[in-house]
Amino acid sequence: MPNAFRRTQRLLNAADFKAVFDKPCTSSDRYFTILGKPNNTDTGRLGLAIARKRIKLATARNRIKRITRESFRQHPTLLQGIDCVVMAKTGADAVDNQVLFRSLAKHWQQIKRRCKKSSSG
């Protein structure tokens, strides 16, 4: 599977997440808050922080995680060299998949633009 979501594309430990949480580029709407930070490599990495406090049901949290991973996987060149942490907001579980995919696609573009701007200036 050439476009699989590999282990090298994931934030795996607390130090990876902490690096993104320290002075990130942000993008936010009514469904997600996404934090991004350049990682000085040529691969993008994704971390998921889908809180039980925001999305009550495990099935809904898992659906949002699957959608987020798939969207991230579909935009490999756009997210090259950026670590992203995705946090879902209350109510994200109430909308259909296409709305979430569109929201995430906009976020990936904003994060890329904002991280590029912050790393160059």
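Rings of Phe, Tyr and Trp (its six-membered ring) count as a pair if their centres lie within 6.5 Å, with planes under 30 degrees apart called stacked, over 60 edge-to-face and the rest tilted. By this rule the structure has one aromatic pair. The ring centres of Phe72 and Trp108 are 5.7 Å apart and their planes stand at 75°, so the pair is edge-to-face. The model is predicted: local features need pLDDT of at least 70, side-chain atom pairs count only at pLDDT 80 or more, and totals for chains, interfaces and linings use all residues. Residues are numbered from 1 along each chain as its sequence is written, and side-chain values use heavy atoms, with hydrogens and water left out.

Phe72 lies in helix 2 and Trp108 in helix 3 (residues 97-120), so the pair ties together parts that are 36 residues apart in sequence. Helices (H or I, at least four residues) and strands (E, at least two) are DSSP runs, numbered from the N terminus. Phe72 is buried at 2% relative accessible area, and Trp108 is buried at 0%; buried means under 20%, exposed over 50% and partly exposed in between (1.4 Å probe, protein chains only).

A nonpolar core is a set of buried Ala, Val, Leu, Ile, Met, Phe, Trp, Tyr and Cys residues joined through side-chain atoms within 4.5 Å. The largest one has 23 residues, of which Phe32, Ile34, Ile64, Cys84, Leu100 and Trp108 touch the most other members. Strand 2 (32-38), helix 2, strand 4 (82-88) and helix 3 each supply at least two residues of this core, and helix 3 gives the largest share, five residues. Apart from this core lies another of five residues, including Phe17, Val20, Leu35 and Val85.

The charged side chains come next. A salt bridge is a side-chain nitrogen of Lys or Arg within 4 Å of a carboxyl oxygen of Asp or Glu, and the whole structure has four. One joins Asp16 to Arg45 (3.7 Å, N to O). Asp16 lies in helix 1 (residues 14-21) and Arg45 in strand 3 (residues 45-48), so this bridge ties together parts that are 29 residues apart in sequence. Asp16, Arg45 and Asp83 are linked in a network of salt bridges. Within helix 2, Glu70 and Arg73 are three residues apart, about one turn of the helix, and their closest N and O atoms are 2.5 Å apart.

Arg61, also in helix 2 (residues 58-74), is buried yet has no salt bridge; the nearest side chain of opposite charge, Asp93, is 8.4 Å away. Here Lys and Arg count as positive and Asp and Glu as negative, while His and the chain ends are not counted.
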